[in-house]
Structure formats: structure tokens, C-alpha cells
Amino acid sequence: VNDTTWQPSRTIGVYTRRSGEMTLIEGYIDAYETNHVGAYIWSLCGSELNVGDIGVAVAEHYGIRIERAAAAVDVFLEELRTRGFVT
Amino acid sequence: LEFEEPVLALRYGGGNERSEEARGQLRERRLVSVALPTVEDLLRVYPDFGSASCVFVSGSVTQGWGHANSDLDLFVVSRDAITVSDVTVELFEERVSTTDPTVWLAIGEVGQFRADIELWREGQVDELIGRFAGSAPGQEGAGLGFTEKELLYRLSVGEPLMGEQQFSSWRDAIRASTFGIWLAENRKLFAEGMLEDVSGMLHSGDSESAALAAREGFVGGLEALLAVYGDYSSSSKWLYRRLVAANPTEVSVADGWAALTMAGAAEDPAGWAGRTAALTQRLLVAIERRSL
């Protein structure tokens, strides 16, 4: 993700549901599971926070350095975008 | 909370939607190809279904109402339980009201379509149809949940892929049964409950709630009317299409659409609620004359 002002929005028609300890993010056919950190980032998609804000939120939520949080958010959002779950 | 790297791992599905290009191609194929899969297509993907006595497809795709995100609703009926061995399929257990209470629901993939697959046993289907073989049972007696109602509806409009004789026998039995009358009464009672609320709300001056209740009542009344016309669906999202297809004499498509979209309710909720309740009441009287 090059643009830290990007506000990721969930694609209309994507399902989210809990499955045991994991969270499922489901498209038309393919369904992906994510852990609690992924689910937390996913919960902030569509909240009008931008990528930078999401990084700060993750850093505060998990008590980690902002650089580490931002890097994880960056990679995860790019994966979500590639799979068509966010725009 | 301990931080760990976020992961995104494929849980089910073939991974064919990995890229925007692939998703676009699949969407295009769903739009241009209305051809249903053959039984060979199905058994190539799910050989476990080879022991089924009947497989049929039903839903918007068979009705000619398919869209870019339509799924394929497949029903697999067998004498004995089928175990799905394909690990890319997501399975859910559903409890129904038959003596054998288990139905398996599977989410799979056939060609360009997501396939929502229900696995039933012959005895369950016979038992459900049998409840409506004589006079219509009372509303408290039939004990049909949503899944069972949907099965009977889907059987009434589906297309067989396998076991055509068995399918035709079940479909004809449903059409000759009192299921439609039971369903019409079921929806009519719901509508009457809503109309009672409309009356009370208008007396109390709660015009906005009366308008919302009147819309609910109209939906129930329209569904009851459609059931009398042989449309056993419980899907309100298709009500416009269903109204056009049935084209009942009791309500025009234009009037039906105006009621469904609550045209004029924002400006005059009390007046709209009263007019819509009166329209619904006329539908309910017509239904009684025709069926009950």
C-alpha cells in the first residue's frame, strides 16, 4: 500500500462470520480465514479510518511499536485488496 | 492481547478468485452462460453424488432471473446418507422436523458458480410431502421450518439433473397436494396479524409504525395470493419478479410495486397505511374465496 491516506472499504457482498477461534471472510466462492489480528484490522475496514490510522489503532490495541503495526497492516490490506475484499 | 502477524489463508473454495482478472472472468461467464451444469459436470467435481437417486437444480438461475452473483442451488437426494469427501467443501449440519432430522448443507463450486448444496434422504422428502397428501393440516400441525418449506418450493420449480422419474413424481405430488393452501393460510394469518397492528397503531396515532406494519402485511398478503397461484417461494427479494410472473387478477403489477416500495408513505404515513391495509384486506378476502 503506497498511499497511507487510503481509506479501505469493504466490497459490497462480502460475508464475515466467526468460526471457532478464526474469522472467515467470504467472497462469492472462495473463503479465507484470518486470526484475531487480521480480524481486528478487518473490523476497521469501512470505518473511515485510513491506512495510517489503522496502523496506529493496531499499535495501541496490541501495545507494539507503530512501525511493526504499520508494516503488518500494509501487507494484510494489500492481500485483502488482491482478493477483492476491500477497495 | 498478544500480537501475531495477521494471516489470510484459503479455508474453502478452489482459490479461483485470487485476482481481479479471474473474478471478472467468472462474473462474465455467469452473465453470458445460462446453461445449467450437466450431471457429468457435477459428478466430475463431486463423484460422491453418484449414489444419489435424484439430483436437481433450482433457484434464480433456473427461473431465468440469474445475475452476476447468483449461486447454483443444488439438491441431492439419496436413499442412504452420502458422505462428502471433498475437503474444499464447507459443510454445515441443519436440523429439520422429519423423523430423520439431519440435513447436510454444503458450499461448493461447479464451473463458474458457487453451489449451495443440500443433501436430503428420500424418506425425509416423502415424509414432508406426505404431510400435505390429504386435507390441509392446521398451522400448528405441519411443523414446517424454513428449510423444509424451501425444499418443497424448490421441488415444485426445479430442473432434474439425475433421477428424472423420481423428481417428476415428487413434483407432481407437491402440485397435487394441499401445501399451497397451507402456505397461503400461513401467510394470510401473518398478514392479518399485521393488519390488526395497523389498526391499533393508527388509533394510537403512531402513523409511521402503522405504515411499516402495513407494508409487512401487504407482503404477507401478496405471498399468500401467489401461493394460491402456485408460487410457493418464501423469498421476498424476488417479489416483483414473482408478481410479474404470476400476474394475478387481484392486484396489478403497478399497484403491487407501489405498495412494496411504499410510494407516498413518507408524505402521508397514516393515509398510506390505511389504503395499503384496505388493499391487503381485499387480497385476503379474494384468497379465502379462491382457496380456503
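B:M262 lies in the loop between α10 and α11 (269-291) of chain B; helices here are DSSP runs of H or I with at least four residues, strands are runs of E with at least two, and both are numbered from the N terminus. Although B:M262 is not a glycine, its phi is positive, at about 55°. A second residue of this kind is found in chain A: A:E48, also not a glycine, has a positive phi of about 75°. A:E48 sits in the loop between α1 (36-44) and α2 (51-62) of chain A. With a relative accessible area of 63%, A:E48 is exposed (buried means under 20% relative accessible area, exposed over 50%, partly exposed in between, with a 1.4 Å probe and protein chains only).

The model is predicted: local features need pLDDT of at least 70, side-chain atom pairs count only at pLDDT 80 or more, and totals for chains, interfaces and linings use all residues. Residues are numbered from 1 along each chain as its sequence is written, chains are lettered from A and ligands numbered from 1 in the order in which they are written, and side-chain values use heavy atoms, with hydrogens and water left out.

The scores for the model are ipTM 0.94 and pTM 0.84. For chain B the mean pLDDT, the predictor's confidence in each residue from 0 to 100, is 92, and 98% of the residues score at least 70. Within chain B, helix α1 (residues 20-32) has the lowest confidence, with a mean of 83, while helix α10 (residues 253-260) has the highest, at 98. Where pLDDT is low, the predicted coordinates should not be read in detail.

Chain B contains 11 helices and 7 strands, and its C-alpha trace spans about 60 × 55 × 45 Å along the principal axes. Of its 292 residues, 48% count as buried. Contact means heavy atoms within 4.5 Å; among the contacts in chain B with a separation of 6 or more, 65% are between residues 24 or more positions apart.

B:A210 belongs to helix α8 (residues 207-228). Its relative accessible area is 0%, so B:A210 is buried. Leaving aside residues up to four places away in sequence, B:A210 touches B:V198, B:M201, B:L202 and B:A273. From B:A210 to B:V228 the sequence distance is 18 residues, and the C-alpha to C-alpha distance is 27 Å.

B:Q165 is in helix α6 (residues 164-176) of chain B. B:Q165 counts as exposed because its relative accessibility is 72%. B:Q165 and B:C54 are 111 residues apart along the chain, yet their C-alpha atoms are separated by 8.7 Å.

Between the two chains, 32 residues of chain A are in contact with 31 residues of chain B. Chain A and chain B bury about 2,800 Å² between them, with 53% of it on carbon and sulfur atoms; buried area is the accessible area (1.4 Å probe) that two parts lose on being put together, summed over both. On the chain A side, A:Y28, A:I29 and A:D30 lose the most area to chain B, together 30% of what that side buries.
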